[in-house]
Amino acid sequence: MLDRSANTTTYAEDVAKLEISFPDDFLRQIDEAAQRAGESREEFLRRSVKDEVARNQVRLRQELEDLIGPAQPRGGNAAEIIREERDRHPRRPNED
């Protein structure tokens, strides 16, 4: 029998809860895959969706690069410049 119980969980960050309907046979397959992965249904679905979103972002980046070419470096070494500038000046006695 499928587990359709609701658990109350407290999260450290804001989260949205979703209600998704799946056919029972598909839900059984999800539960079996989650069990094989050693995850709860929620963990399995969250990871699966996260992985698919990441793959989608890679595809989108590739499509953009195909249209406009790869990203070009534009500097972006501000932290290094600040560090070098800071290290050139001696510390004041009241700074630790």
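I began by counting elements: the protein chain has three helices and zero strands (DSSP runs, H or I of at least four residues for helices, E of at least two for strands, numbered from the N terminus). From the N terminus on, the order reads α-α-α.

A note on provenance: this is a predicted model, where local features need pLDDT of at least 70, side-chain atom pairs count only at pLDDT 80 or more, and totals for chains, interfaces and linings use all residues. Residues are numbered from 1 along each chain as its sequence is written, and side-chain values use heavy atoms, with hydrogens and water left out.

Next I checked confidence (pLDDT, the predictor's own score per residue, from 0 to 100). The chain averages 85, and 86% of the residues score at least 70. Helix α1 (residues 24-37) is highest at a mean of 97, while helix α3 (residues 78-88) is lowest at 83.

Just after α2, glycine 69 takes a positive phi of about 95°.

On to burial: 6% of the 96 residues count as buried (under 20% relative accessible area; exposed is over 50%, partly exposed in between, with a 1.4 Å probe and protein chains only). The chain exposes about 9400 Å², with carbon and sulfur atoms supplying 52% of it.

Last, I looked up phenylalanine 26, which sits in helix α1. It counts as partly exposed because its relative accessibility is 37%.

Conventions. Areas by Shrake-Rupley, 256 points an atom, 1.4 Å probe, with all protein chains shown as cover.
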